[in-house]
Amino acid sequence: LGEAGTNAKTRLKSAKSIEALKPNETRSAGFAASPAQDTSVLAYRATLTAAEQAQLDTACEQTAFFERLSQSIATTRAAERPMAVLHLAILAWEFLEEVWGPDACTNILQQVKGVLSANLRESDGICLLPHDGAVLIELPQLDQSEDVTWVTKKLIKALQQPFLVSDQTVY
C-alpha cells in the first residue's frame with residue numbers, strides 16, 4: 001500500500017463511523033455528504049492527502065461491494081437463481097507499475113472501470129482491486145448460464161479499445 005495507504009488505514013481506524021465513510025452506491029467514485037454523516041468524519045476526511053483519500057475511497061468501495069456480493073449470494077441462493085462473479089486481471093501488472101508508476105496504473109484501472117460500467121446493467125456491480133491490477137464484476141441477475149458467456153464476450157470486446165496512458169496509446 002505504501003506510506004499513504006498505511007497512513008489512511010491508520011487514520012481510518014480513528015474515524016468515529018465507518019458507515020459514514022462508505023459511498024452511497026457501490027459504483028460511487030467518491031463520497032457524497034448525506035444528513036446521516038457525522039460532521040467530524042467529514043472534517044477528518046478533509047485532513048487526508050489526495051493519495052490517502054483515494055486509498056480510503058477504494059477501501060470503502062471494496063467493503064460496499066463485498067457486502068452487496070454477500071447479499072446477492074444469499075438472495076440468489078434462496079431464489080435458486082444463477083449468478084456470477086467475474087475476475088478480470090491485467091497481465092504483468094507489477095511490470096506495468098514499475099514502467100508507468102502507480103498513478104498511471106490507477107488511471108488505467110479507472111478507464112477500464114468506465115468502459116466496463118458502460119457495458120453493464122444497473123443491477124451489476126463492479127469493484128477495483130488496484131493493488132492486484134484487477135476488477136471484480138458481480139452479475140446477480142442471470143436468466144441462464146449462457147448469459148455469463150455472452151456478458152464476458154461483450155466486456156472483453158469493449159476492452160479491445162485503446163487506452164491513453166502517460167500520453168501513449170496502449171491496447
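Trainee: Hi! Where in the chain is the place of L86?

Mentor: Hi there! In this predicted model, L86 sits in strand β1.

Trainee: Buried or exposed, that L86?

Mentor: L86 is buried, because its relative accessible area is 12%, and the cut-off for buried is under 20%.

Trainee: And which residues is L86 in contact with, leaving aside neighbours within four places in sequence?

Mentor: With those neighbours set aside, L86 makes contact with V135, L136, I137, L139, V148, T152 and L155. Take V148 from that list: L86 and V148 are 62 residues apart in sequence, and their C-alpha atoms lie 8.8 Å apart in space.

Trainee: Zooming out, how many helices and strands are in the chain?

Mentor: The chain has seven helices and five strands. Reading along the sequence, you get α-α-α-α-β-α-α-β-β-α-β-β.

Trainee: What share of the residues count as buried?

Mentor: Of the chain's 171 residues, 36% count as buried. As for contacts with a separation of 6 or more, 64% of them come from residues 24 or more positions apart.

Trainee: You mentioned α6. How far does that helix reach?

Mentor: Helix α6 covers residues 102–118, which is 17 residues, and spans 24 Å from first C-alpha to last, close to the 24 Å expected at 1.5 Å a residue.

Trainee: Which of the α6 residues are buried?

Mentor: The buried ones in α6 are A104, C105, I108, L109, V112, K113, V115, L116 and S117. When you look at a pattern like that, keep in mind that an α-helix has 3.6 residues a turn, so residues three or four places apart point the same way.

Trainee: Nice. Now aromatics: what does the count of aromatic pairs come to?

Mentor: The count is one aromatic pair. F65 and F66 form that pair, and the geometry is edge-to-face, with 5.5 Å centre to centre and 85 degrees between the planes.

Trainee: What about burial, starting with F65?

Mentor: F65 counts as buried, because its relative accessibility is 0%. F66 is partly exposed, at a relative accessible area of 37%.

Trainee: Let's move to S72. Which helix does S72 lie in?

Mentor: S72 belongs to helix α4, residues 50–79. S72 is buried, with a relative accessible area of 12%. Not counting residues up to four places away in sequence, S72 touches M83, E138 and P140.

Trainee: Last one, backbone angles. What is phi of E80?

Mentor: Phi of E80 is near 55 degrees, a positive value in a residue other than glycine. E80 is in the loop between α4 and β1, and E80 is exposed, with a relative accessible area of 73%.

Trainee: And what about phi of A92?

Mentor: For A92, phi is near 60 degrees, again a positive value in a residue other than glycine. You will find A92 in the loop between β1 and α5.

Methods:
Residues are numbered from 1 along each chain as its sequence is written. This is a predicted model: local features need pLDDT of at least 70, side-chain atom pairs count only at pLDDT 80 or more; totals for chains, interfaces and linings use all residues. Side-chain values use heavy atoms; hydrogens and water are left out. Helices (H or I, at least four residues) and strands (E, at least two) are DSSP runs, numbered from the N terminus. Buried means under 20% relative accessible area, exposed over 50%, partly exposed in between (1.4 Å probe, protein chains only). Contact means heavy atoms within 4.5 Å. The expected span of a helix is 1.5 Å times one less than its number of residues. Rings of Phe, Tyr and Trp (its six-membered ring) pair if their centres lie within 6.5 Å; planes under 30 degrees apart count as stacked, over 60 as edge-to-face and the rest as tilted.
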